[in-house]
Amino acid sequence: MQKQLPSHAQVVIIGGGIHGCSVAYHLAKEGWKDVVLLERKQLTSGTTWHAAGLVGQLQGSHSTTVFAKYGVELLQEIEAETGQNPGFRQSGSISVAVNEERLAELKRKADFASLFGVEAHHMTMPEIEERWPLMNPEGVLGGIWMPSDGSANPIDLTTALAKGARKHGAQIFEHIKVDEVLVEGGKASGVRTDRGTITADVVVNCGGMWARELGRQNGVGVPLHACEHYYLVTEAIDDLPKDLPVLRSYCDGTYWKEDAGKLLFGFAHFQAKPWGVQGISEDFSFDSLPFVEDDVMEVLELAMNRVPLLQEIGIRTFFNGPESYSYDGRFTLGEAPDIKGYFVLAGVNSTGIQSGPGAGRALAQWIMKGHPPFDLSEMDPKRCEEFQARDPYLRERCPETLVLTYAMHWPNRQRETVRNLRRTPFHHALKAHGACFAEVQGWERPGWFAPEGTEPKYQYSFGRQNWFDFAQQEQKAAREAVAMIDYSMLGKLMVEGRDAENFLQRICTNNMAMKVGRVAYTMMLNDRGGIESDVTVARHAVDAFMVMSSISHTRRDFLHLRDHIRPGQEVRLRDVTPSFGVLAIMGPKSRDLLAAVSDVDVSNAAFRFNSLQTFHIGHARVTAQRLSYSGELGWEIFVTPDFAEHVFEELMEAGREYGLRLIGGEALNALRIEKGFVHWGHDMAYTEAPHQIGLEFACKPDKEIPFIGRDAYLERKAANEGPFLCSVRLCDPGPLLHHNEPVLRDGKIAGYVTAGAYGYSAGSAVGLCFLSLPDGATDKSALENGTYSVVVEGNVIAAQISLTPFYDAKSARMLS
């Protein structure tokens with residue numbers, strides 16, 4: 001006899017895989033006992049049951065590394081709590097490299113792991129052979145050894161989490177299909193199942209490969225798609241060591257692990273296929289897919305060459321099963337943007353076993369606290385544009401994520417599928433001038449410009465890529481003459497109405513009661529004093545403001561503004577991003593250029609910094625605001641799309657006299673890092689407060705209408721706790737900084753690089769970095785004491801640290 005469903009629960013979790021059971025376990029363990037988990041068939045029957053069970057901590061982001069590290073800790077402890085052995089074998093793992101670039105990547109990941117206290121060591125070829133004697137060493141240059149890695153049994157681990165959840169009071173029901181998530185007044189209110197309705201305060205979608213369709217019923221974008229994923233299991237192998245480490249050979253696209261006296265080996269495919277394009281059968285449970293040899297033959301041959309024993313031993317299992325992959329290789333974890341109390345955890349790209357415990361804990365903490373427990377912004381459902389959650393996009397983009405799983409994780413790597421979706425009014429003109437385009441949120445944006453005779457295509461490396469010299473010349477133009485970049489894809493949000501000023505005064509840290517024609521840089525904080533975003537606000541009229549956002553956060557900023565409009569306020573919010581083309585000019589000769597093409601007085605007295613004016617360039621009416629993200633004198637010129645190419649041509653023609661050069665995002669990034677300008681999502685997020693970033697100048701706590709988070713900001717500022725953002729420069733002009741490199745003070749880890757580039761003016765790699773105060777210090781001035789260095793690919797490089805930018809610290813060039 002089946003148990004009776006409760007009529008109400010505090011939390012209803014949909015899906016009984018590793019993630020659903022992890023969320024239930026962590027909620028119940030923390031005292032939220034009124035938790036109900038509903039599974040359509042049996043626990044693990046979707047994709048969890050057939051996972052390879054790898055547990056690896058060599059991750060690429062802070063959040064996923066936190067997840068993986070915690071996962072190892074839980075695997076070591078949960079049997080004592082629940083009596084269920086999760087099948088964890090801490091055999092360690094070896095990742096091998098067959099070329100110098102792969103070795104550089106592995107060394108960088110090992111450097112990154114050190115930030116979290118995760119042990120990782122470089123191994124020579126003889127050391128690898130000793131630990132993995134079955135491997136053919138041909139071509140292997142070395143590798144990384146991680147002794148705390150290993151593997152777990154997916155079903156046993158999930159069962160342990162389920163037992164723990166029940167032990168702490170949660171209820172788990174199998175063979176219950178959720179037909180609909182109920183929503184009332186913009187808030188999740190429960191679920192309707194094939195056995196009745198349960199009302200709830202919170203609903204969690206952990207539906208795995210069904211999560212996308214379930215979310216779509218309520219307009220919740222869950223950007224994932226199931227893809228076919230293969231692995232094979234050999235016949236029993238005599239004398240196969242049980243403590244054989246997990247082996248990963250990324251360049252061969254293969255991993256191996258010992259599995260009950262056999263070898264299991266699986267693939268990151270060189271070609272991948274979406275699955276379930278026409279939907280997933282209602283009866284799917286513990287199912288596999290047809291094994292198509294042609295899909296894996298290329299990578300199988302590489303696997304057999306790397307482990308020659310595979311050519312002699314029989315194969316017991318040929319397995320093909322679906323796994324969910326996201327469009328950008330990131331999880332979807334957090335609260336849905338349009339429905340309060342509707343949370344999602346899905347699309348983890350075949351890392352469910354190593355990340356499931358940690359991801360489930362993080363989501364449980366988010367639900368209980370009402371906010372993310374640490375920076376999870378890269379996974380936030382708000383990042384996803386509407387078109388990115390649609391099947392036509394996901395069917396093309398998600399298989400590419402699978403292919404890239406074991407591919408080189410190059411700096412600035414560009415996706416190749418579903419391109420040329422969003423193009424600015426200047427796209428074709430820029431293409432004609434040699435633009436090599438990068439993609440952000442579907443926008444095609446020049447990364448750099450190739451001179452005549454050079455193909456505008458990225459050639460990747462962890463060293464100096466093929467565009468390095470071109471970007472140096474682009475920086476030179478911005479620093480010494482004049483440069484121009486397409487800013488059209490930056491977000492442009494109009495806030496209008498009688499109450500627009502009062503609304504923005506409450507949302508923004510800076511003073512929005514400014515005169516028409518003025519512009520201000522500002523932040524938007526949360527009630528914990530953390531930075532939800534940084535934007536530029538321009539006052540176009542008494543009742544009209546334009547909020548300018550970065551490309552990747554436009555939707556997030558729109559939603560933040562929308563969600564804070566109070567009932568009865570006369571405030572209208574519009575996204576006008578595609579309504580204007582924007583060209584930014586910068587450099588000491590930018591004033592001469594603007595004067596040459598316009599009918600406006602551009603002197604410093606007449607056109608002040610942080611102001612805007614409307615005038616004509618050629619025959620086009622334009623609006624320009626005097627701002628700079630490069631640290632140079634500059635303007636951002638707005639024009640309607642119909643006149644866009646005309647304005648571009650006028651500027652290009654007049655610019656010949658002044659040495660005008662088109663530049664791309666690679667050069668701009670270096671310019672802004674040299675100047676110490678920050679980028680939300682890299683150098684700060686909603687966990688950091690303004691005093692940590694050096695942005696107190698944009699906070700006006702004494703204004704008549706207090707901004708959200710003011711009191712928390714003042715408390716955090718008074719406490720003066722770090723870490724603090726600083727500038728860093730390598731003393732050696734050879735190595736490059738990208739991000740996440742450890743920063744050492746007197747030989748010990750003190751922080752890490754948030755963003756790095758090669759500065760033309762600095763003549764070396766420059767970056768921004770977070771640094772913790774020395775023991776006993778209470779003021780960030782103490783950060784200037786000590787001997788600093790940065791770890792780059794295992795090498796310790798001497799470095800300089802500064803609390804102010806290395807380039808034009810007083811901003812004389814920008815303000816003159």
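Start by selecting helix α15, residues 644-655. Helix α15 lies across β21, β27, β28, β29 (620-625), β30 and β31, and runs at about 135° to β31. Contact here means heavy atoms within 4.5 Å; axes are lines fitted to C-alpha atoms, for helices over the stretch in contact, with angles from 0 to 180 degrees between N-to-C directions. Helices (H or I, at least four residues) and strands (E, at least two) are DSSP runs, numbered from the N terminus.

A word on the ground rules: this is a predicted model, where local features need pLDDT of at least 70 and side-chain atom pairs count only at pLDDT 80 or more, while totals for chains, interfaces and linings use all residues. Residues are numbered from 1 along each chain as its sequence is written, and side-chain values use heavy atoms, with hydrogens and water left out.

Now colour the strands themselves. In what order do the 6 strands of the open sheet come? Read across, they go β28-β29-β30-β27-β21-β31, with mixed pairing (two strands pair if DSSP finds at least two bridges between them). The edge strands, each pairing on one side only, are β28 (612-617) and β31 (660-662). From one strand to the next, the twist averages 30°.

Zoom in on β27 (residues 581-586) and β30 (residues 634-639): they pair in the antiparallel sense over 6 bridges. Pick Ala 584, and you'll find Glu 636 of β30 standing opposite.

Time for some side chains. The model has 40 salt bridges, each a side-chain nitrogen of Lys or Arg within 4 Å of a carboxyl oxygen of Asp or Glu. Select Glu 793 and Arg 108, whose closest N and O atoms are 3.1 Å apart. Arg 108 is buried, at 13% relative accessible area (buried is under 20%, exposed over 50%, partly exposed in between, with a 1.4 Å probe and protein chains only).

Last stop: Lys 177, partly exposed at 27% relative accessibility. Lys 177 forms a salt bridge with Asp 179 at 3.2 Å, and another with Glu 282 at 3.9 Å. Show Glu 180 and Arg 192 too, and you have the whole salt-bridge network of Lys 177, Asp 179, Glu 180, Arg 192 and Glu 282.
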